[in-house]
Amino acid sequence: MDRFDCQLMMASFHYVYMATFIRTANPQHLLQKVFQLPAESQVFIYNELGKSLVLDGYLNQTAIEGWEPNTV
């Protein structure tokens, strides 16, 4: 029975480790959380994401210059 107990403990540790440190955020879950925020916070997240994408080279500055969301 000793080996079986060890396997249960290792499986529990493995599950907690994977759920805590390895699992990545689900984009759909993240968007649901963003949509629950007030409009001001959503606009802030939009602007910060745009800046980050421009700085990382994924988006041209001109792509976000022409369209500014209405601030609430």
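At 34% relative accessibility, Glu-48 counts as partly exposed; in this scheme buried means under 20% relative accessible area, exposed over 50%, and partly exposed in between, with a 1.4 Å probe and protein chains only. Lys-51 is likewise partly exposed, with a relative accessible area of 47%. The side chains of these two residues, Glu-48 and Lys-51, meet in a salt bridge at 3.3 Å, N to O. The term denotes a side-chain nitrogen of Lys or Arg within 4 Å of a carboxyl oxygen of Asp or Glu. A search of the whole structure finds 1 salt bridge. Both Glu-48 and Lys-51 lie in helix α3, 3 residues apart, which is about one turn of the helix. An α-helix has 3.6 residues a turn, so residues three or four places apart point the same way.

The model is predicted: local features need pLDDT of at least 70, side-chain atom pairs count only at pLDDT 80 or more, and totals for chains, interfaces and linings use all residues. Residues are numbered from 1 along each chain as its sequence is written, and side-chain values use heavy atoms, with hydrogens and water left out. The score called pLDDT is the predictor's confidence in each residue, from 0 to 100. The chain averages a pLDDT of 84, and 86% of the residues score at least 70. Among the elements of the chain, α3 has the highest mean pLDDT (92) and helix α4, residues 61-65, the lowest (73). Where pLDDT is low, the predicted coordinates should not be read in detail.

The chain contains 4 helices and 0 strands, in the order α-α-α-α along the sequence. Helices (H or I, at least four residues) and strands (E, at least two) are DSSP runs, numbered from the N terminus. Of the 72 residues of the chain, 8% count as buried. The chain exposes about 6800 Å², of which carbon and sulfur atoms supply 62%; such areas come from the Shrake-Rupley method with a 1.4 Å probe, and for residues only the protein chains shown count as cover.

At 1.5 Å a residue, its 17 residues (39-55) should span 24 Å, and its end C-alpha atoms are 24 Å apart, which agrees. The expected span is 1.5 Å times one less than the number of residues. The buried residues of α3 are Val-43, Gly-50 and Val-54. Seen down the axis of α3, these buried residues fall within an arc of 30°, so they line one face of the helix; the arc is that of the directions from the helix axis to the C-beta atoms. The face turned away from the buried side of α3 carries the exposed residues Phe-44, Leu-49 and Leu-55. Just after α3, Gly-57 takes a positive phi of about 85°.

Aromatic rings are the last topic. A search of the whole structure finds 2 aromatic pairs. Rings of Phe, Tyr and Trp (its six-membered ring) pair if their centres lie within 6.5 Å; planes under 30 degrees apart count as stacked, over 60 as edge-to-face and the rest as tilted. Phe-13 and Tyr-17 form a stacked pair, 6.0 Å centre to centre with 25° between the planes. Being 4 residues apart in helix α1 (residues 2-22), Phe-13 and Tyr-17 are separated by about one helical turn. The rings of Tyr-17 and Phe-21 have their centres 5.4 Å apart and their planes at 50°, so this pair is tilted. Phe-13 is exposed at 54% relative accessible area, Tyr-17 is partly exposed at 37%, and Phe-21 counts as exposed at 61%.
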